[in-house]
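Please read this briefing with the sequence and the structure side by side, looking up each element as it is named. The model is a predicted one.

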Amino acid sequence: TVRDTGTGIPSQHLPYVFDRFYMADDTTTRANEGTGIGLALTKELVHLHHGEINVRSEWGRGTEFSIFLPEGKSHFHDREIVEEPEIEKAVTLDEDIDVKERKVKTADHRDGGSKKTMILVVEDNDDVRLYIRQYLEPAYRVEEAGDGLEGLNAARKLIPDLIISDVMMPNMDGYEFCRVIKNDLTTSHIPLILLTAKASDDHKIEGLETGADDYLVKPFNARELLARVKNLIEQRKHLQQKYRRDYLLKPTPVSVLSMDDTFLRRAWELVEQNMSDPDFNIEQLSDALSMTRSNLYRKIRALTGQTPSQFTRSIRLKRASELLVQKSGTVTEIAYDVGFSSSAYFSRCFREQFGVPPNKYRDNQ
């Protein structure tokens with residue numbers, strides 16, 4: 001007999017607690033989200049042992065489960081009895097796995113994980129977080145949060161490359177968490193996968209309408225989660241190329257701008273307004289955009305694959321290429337016009353971006 005002193009289960013729900021995927025508390029902000037599988041699996045295991053399981057519960061006072069198992073083996077068929085495994089071999093295998101895992105963790109610790117793609121897992125169930133972490137590491141750097149509010153603070157502080165969030169969590173559910181993330185300039189670019197035990201189309205549509213990039217139903221296959229994570233990260237890389245092409249090479253006006261488009265356009269305009277000022281720096285750019293230097297770095301890096309310095313320099317060099325085509329001055333004059341204090345440094349940077357020195361670029365146009 002197993003007994004708790006929790007809130008109990010309302011009487012109308014008791015006949016269904018052993019049904020697969022059934023959950024008595026259907027709110028999205030409940031604590032300790034289950035998947036509706038545990039009791040169904042327990043009942044099947046008890047029946048396989050020719051036993052029975054019963055439940056009694058009183059609302060406000062707790063719940064009691066009783067399991068009855070027949071003694072001995074006479075009630076089993078021969079095919080239902082499995083020989084015990086060799087303990088020595090099992091221990092050896094576990095020890096081997098443990099040694100390998102320690103080696104992986106040690107190597108990852110030495111590496112520091114600073115260059116790895118960072119994934120934030122927002123999930124109030126400790127076991128599910130551990131399960132996800134085990135599959136994501138060591139390929140990714142994994143950070144964790146225990147609920148939506150904690151996840152929101154972590155997302156704003158860390159600016160991860162991708163977020164995996166549960167839907168049913170205390171304090172702030174996954175739907176609201178996703179809405180805030182996607183409507184915050186600092187975090188709007190971050191791909192987000194929602195996880196939930198609710199498998200209906202309506203719940204899936206609700207998740208996608210909040211701005212989620214993908215939606216996965218519990219219980220999920222870890223390989224499928226890894227595949228979706230990889231796909232979203234690859235999509236982000238393709239988007240970086242698009243932004244570099246559309247904004248750093250040939251920005252064109254569009255009628256409807258996303259939050260990320262608006263951000264990049266504003267950043268472009270600020271660099272344009274300070275084009276001839278060689279002292280215009282990242283601190284000034286971040287202040288003008290009302291962002292911290294670190295958040296600006298992560299945001300621009302996530303959107304373009306470039307650091308803010310590279311982003312700013314690319315805009316200056318793009319303007320320089322236009323002035324060279326127009327033959328608006330000597331190479332040195334144009335270098336100063338676009339904010340370079342050294343013509344030699346300007347020529348080196350220009351060659352890196354366009355493949356030819358500025359004077360040859362001008363003569364070939």
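Five strands make up an open sheet with parallel pairing, and their order across the sheet is β5-β4-β6-β7-β8. At its edges stand β5 (141–145) and β8 (214–217), each of which pairs on one side only. On average, and with direction ignored, neighbouring strands of this sheet are turned by 20° against each other.

**The parallel sheet and its helices**

- Strand β4 (residues 118–122) pairs with strand β6 (residues 162–166) in the parallel sense over four bridges, and I119 has L162 as its bridge partner in β6.
- Helix α3 (residues 126–136) packs on this sheet, where it touches β4, β5, β6 and β7 (192–196), and the direction of α3 makes about 170° with that of β5.
- Helix α5 (residues 174–182) also packs on the sheet, touching β4, β6, β7 and β8, and its direction makes about 175° with that of β7.

**R129, a residue of helix α3**

- R129 lies in helix α3 and is buried, with a relative accessible area of 13%, a value that falls under the 20% cut-off for buried residues.
- Leaving aside neighbours within four places in sequence, R129 is in contact with V121, E123, D124, E144, A145 and G146.
- From C-alpha to C-alpha, R129 and I164 are 9.9 Å apart in space, although 35 residues separate them in sequence.

**The antiparallel sheet**

- Strands of a sheet pair through backbone hydrogen bonds, and the pairing can be either parallel or antiparallel.
- An open sheet of three strands, in the order β1-β3-β2, has antiparallel pairing.
- The edges of this sheet are β1 (2–3) and β2 (52–58), each with a single partner strand, so one side of each has no neighbour in the sheet.
- Seven bridges join β2 and strand β3 (residues 62–68) in the antiparallel sense, and among the paired residues are E58 and its bridge partner in β3, G62.
- Helix α1 (residues 38–48) lies across β2 and β3, and runs at about 140° to β2.

**The nonpolar cores**

- In soluble globular proteins, nonpolar side chains tend to be buried together.
- The largest nonpolar core has 31 residues, and those with the most contacts inside it are F263, L289, L296, V338, F340, F346 and F350.
- At least two residues of this core come from each of α8 (259–273), α9 (282–288), α10 (293–304), α11 (308–325), α12 (331–337) and α13.
- Apart from this core lies another, of 24 residues, which includes V122, A145, I159 and L194.
- When neighbours within four places in sequence are left aside, L289 is in contact with F263, R266, A267, L270 and L296.

**Aromatic rings**

- A search of the whole structure finds nine aromatic pairs, and one of them joins F350 and Y361, whose ring centres are 5.2 Å apart and whose planes stand at 80°, so that the pair is edge-to-face.
- Because F350 lies in helix α13 (residues 343–354) and Y361 in helix α14 (residues 358–364), this pair ties together parts that are eleven residues apart in sequence.
- F350 and Y361 are both buried, and together with F340, Y345, F346 and F354 they form one aromatic cluster.
- The ring of F263 has the charged end of K299 sitting over it, 5.6 Å from the ring centre.

Definitions and conventions. Residues numbered from 1 in each chain as written. Predicted model: local features only at pLDDT ≥ 70, side-chain atom pairs only at ≥ 80, totals over all residues. Heavy atoms only, no water. Phe/Tyr/Trp six-rings, centres within 6.5 Å; stacked < 30°, edge-to-face > 60°. Buried < 20%, exposed > 50% of the residue type's maximum accessible area, 1.4 Å probe, protein only. Lys NZ or Arg CZ within 6 Å of the ring centre and 35° of its normal. Core = buried A, V, L, I, M, F, W, Y, C linked by side-chain atoms within 4.5 Å. Contact = heavy atoms within 4.5 Å. Pairing = 2+ DSSP bridges. Axes fitted to C-alpha atoms, helices over the stretch in contact; angles between N-to-C directions.
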